Structure formats: structure tokens, C-alpha cells
Amino acid sequence: MSTVKSASKKRKHESISSDGVVMKLAASISGVEPLLVSYPAIQAPSSTAFKCYANKKTKNESKQPEKLNEQELLVVGETDNVEFISNEAESRRVANSGCSYLIAVHNKRTSTLNVLPTAKSPYILTRTVKALKNIPASAAPTQHDYKQARNALGETFGTKKAKASIRAQERNRVDVSAMEGVMDHLQQGIDKGAAGLMTTEEAKEEADKNRLIPPFDASATEPEDIYPLHSIIPEVEWKALSVSAFDQAAGPSERKALLPFGWSKWVTSHVDSTYADIDSPKRRKKNLKILLYIAALMAFRQALEHKKSISKDDLTAKLPSVPSVVVDGLISRHASTSMTQTKLLTYMFALCLKVDNFATDTTQIAHDLHKSMAEINTLFKSLGCKIGQLGDRERSRLGIAEKDATAKRAILSAPLVFPKPRLRRK
């Protein structure tokens, strides 16, 4: 009875095919099971022996129970002429793609077919011909070689247009080898021609000297130090300027009459706001002197516009409230150059910045001088100003409310940065 029960259990793991072959599910093997390989184009003879290799274990791994990972095996085999070795990267890529097979071993003697219990992914083999191992690999073709081969194909199989293009390229090609003999001569000529050229620093210094602006200090860390006051108004002329008559004036109309150029709303409004400053008499006197000099520059500019040349006597008659030493200085500095207008205006605008705490609204100035806003802003930019609205920091420094700071202003800040010249597109 026990024999019958044993036979029935065995049949559950066996299946007999039509040709009498018994199929069995093989038990798990503790070592290396049969492996599946994929040959590269050529197949090794059936007698070729293959071996498996695994990485050497570390001390920590050797203490752990042995568990073989077939993905980490290296399959190697060889014949008299060819060596085969598995490609780990390709084999892993095939395994990750989900490609796997069930392997069965057929025993002809017992007519049994043992099916391994686990699916296998193939090992992708690469081959190496032993006779070619010691031959160095040929270098990859250069760009010149590739171009020559392409031109040869074009000359043989190309159209007429393609052949004409190839010939044109050949005619325009520069023969570098023909230039080797004259390179030293050319370099000597370049060095000789460059001997008299200025360095970058020297060119910058020369460009700064030729700027039509007042003398400046590029290393200044505060805006008030960039254009020193007495580099615009010499100290002798500064001392000659008197504003005592303004203190004796009864009101705005009398103060306006004392100005050399009373048609400027910018000057008159600033004179009135300066008199409203009762906190610092010293600052008020300084700003009044600067405003008086700005009005003198405007009157001097107007006189030059009507006449190409004007005598000192005529100019003194037009500027009765301006000391003669100041008139002499204006004539010597601003009446003898071809760029009088530009230089005079930049001197004037540098003084305007000092009165406005280095944030000047250019709208009224453009109206007083009968010039466009673009022209006035360009001159302010040449002084190193940026044109824009006041930020929170500038509004706080000037004590201006946000609603009153909507207009764009010329803002001078340190360190001084001049605008870069624009390059015209060709």
C-alpha cells in the first residue's frame, strides 16, 4: 500500500511526452547551474570548454553564508584561434530588459528531460582573434582624411554643382605649409608695428584725459568726492562769489533779479528751496554760491549762442552780478575749444548733481536749455550717472515720498563707472 502511495506522489513531478521522454522538474543546485550564452556571429565548437569566474570575496563577505549571484559571474572559453568572454554591461542590459529562458537538460540514456527550476538570462559573449591581439589598433581618420575621402566621392559620383563646389573649396584652401617660411618674418613685423602701441592702461588714461567732463577721481568711494568742487570752480573764483545781496532781498522776485540768468525755472526753484533750509546756514551759503555759478554758466552759454566770439567787455556787461575774475575764468576755460557746448554743459550738470544730492531730475533742465531729454540724459551718462527712478534707499536719503519720486533721475554713485561705447552692427 505504501508503494502505491509513493508512485502516485512521484507522478505529480513527472510528465511523459508522446515520444516516451519523461519530463522532470530538477531540484535546486547549490553550486553553479547550467548557464545560457549568446555567441557573437560565430559559434564555438561543442567541445569548447567554458569556465566561470567570480570576484574575490572580502573578509566580511567570506564570513557570511555562501550565496552565489550569477549576474556577477564572468564566463570565459577559448579555442585554438578565438577567445570568448562575456560582456558584463551587455549581459546586464539584456537581463534588465526582461529577456529570460527556461533551461532543460536531456538525458538520452534514461530518456528524461530535467527542467531547471529558475529562468536564466543569456550571457552575451564577445570574441577576440588570438592572431590579431598583438596588432595595434589603427588610428581613427582625421578631419583632413575624412574631407579628402568625401571630396573623392563627390568628384566621382557628385552632381555638377557639387563638383564645382569642391573645386572652389580647393582653390580657396590656404596651404599652411607654404606659410611656415614667412611666419617668423610676419611675427617680427607685427612686433615692430606694435612697439609704439599703448597698453590697455595707457589707452584708458588717454581716453579719460580726452573726456569732455570736469576732472574726476576714479578711486573715490563717495559721490561728493568724484568731482571735486574746486576742479569745477577754482578756489579764487569761489571766494569771489558773493551771496550777501540775496540775504538782503525782500522776496523771491528780488532774488530772481539778482541771478545772471533768471529765466531758468530749475535755478529759481532751487534758490527758493535753499532759502527754506534753515537747519544749516553753511550748507545754504554753499548751495547758493553753486546756483549763482550755474546761472552764470547758463548766461555765458546763451551769449556764445548768439555770437561766435564775444569780448570781455560785452560779456561783463551781460553779467553785471558776476565778478570779473569769474568772467575771465569762463572765457579761458569754455570759449576757446571746438567742443565748448558739451564741456560747458557737463561742468554745469556736475554742479547740479551737487545741489541735488547726486539725484537730479533732468526734465526741467531740458526745458530751460531748450534741448531734448535724450540729449540731456546722454550728457549726464557721460558723467557716470545712471538714469532711472529712485530706489527705497535713495528716497530715504533724500527725504522724498514714494508718490513724489515717479520721474526718472540722473543718479551718480560710487565707484565711478563710465558707459561703455556701443558697437555698431555691420
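Reply: Helix 18 and helix 20 (373-382) each give at least two residues to the lining of the second largest pocket. This is a predicted model, and every value below is computed from it. Helix 20 has the largest share of that lining, with four residues. The second largest pocket holds about 420 Å³ of space. Its lining consists of 13 residues, and those nearest its centre are Thr378, Lys381, Ser382, Pro419 and Lys420. By type, the lining of the second largest pocket splits into five nonpolar, four polar and four charged residues.

Helix 18 leads on to the other site. The largest pocket has a volume of about 720 Å³. Two or more of its lining residues come from each of helix 10 (229-232), helix 14 (265-275), helix 15 (281-306) and helix 18 (340-355). Helix 15 gives the most to this lining, seven residues. In total 24 residues line the largest pocket, and Arg283, Asn287, Lys354, Val355 and Asn357 lie nearest its centre. The lining of the largest pocket comprises eight nonpolar, six polar and 10 charged residues.

The largest nonpolar core has 60 residues, of which Tyr227, Ile294, Met348, Phe349, Leu351 and Phe380 touch the most other members. At least two residues of this core come from each of helix 10, helix 14, helix 15, helix 17 (324-334), helix 18, helix 19 (363-369) and helix 20. Helix 15 supplies the largest share of the core, 14 residues. A second, separate core has five residues, among them Ala359, Leu390, Ala405 and Ile411.

For the setting as a whole, the protein has 21 helices and 12 strands. It has 426 residues, and 30% of them are buried. Of the contacts with a separation of 6 or more, 64% are between residues 24 or more positions apart. The accessible surface of the protein is about 29400 Å², and carbon and sulfur atoms account for 53% of that surface.

How values were computed:
Residues are numbered from 1 along each chain as its sequence is written. This is a predicted model: local features need pLDDT of at least 70, side-chain atom pairs count only at pLDDT 80 or more; totals for chains, interfaces and linings use all residues. Side-chain values use heavy atoms; hydrogens and water are left out. On a 1 Å grid over the protein atoms alone, a cavity is a set of points where a 1.4 Å probe fits but cannot get out, and a pocket is an open set with protein on both sides within 12 Å along at least five of seven lines; lining residues have an atom within 4 Å of a point. Grid points are joined across faces, edges and corners, and a volume is the space filled by probe spheres set on the points. Ala, Val, Leu, Ile, Met, Phe, Trp, Tyr, Cys and Pro count as nonpolar, Asp, Glu, Lys and Arg as charged, and the others, Gly among them, as polar. A nonpolar core is a set of buried Ala, Val, Leu, Ile, Met, Phe, Trp, Tyr and Cys residues joined through side-chain atoms within 4.5 Å. Buried means under 20% relative accessible area, exposed over 50%, partly exposed in between (1.4 Å probe, protein chains only). Contact means heavy atoms within 4.5 Å. Accessible areas come from the Shrake-Rupley method with a 1.4 Å probe; for residues, only the protein chains shown count as cover.
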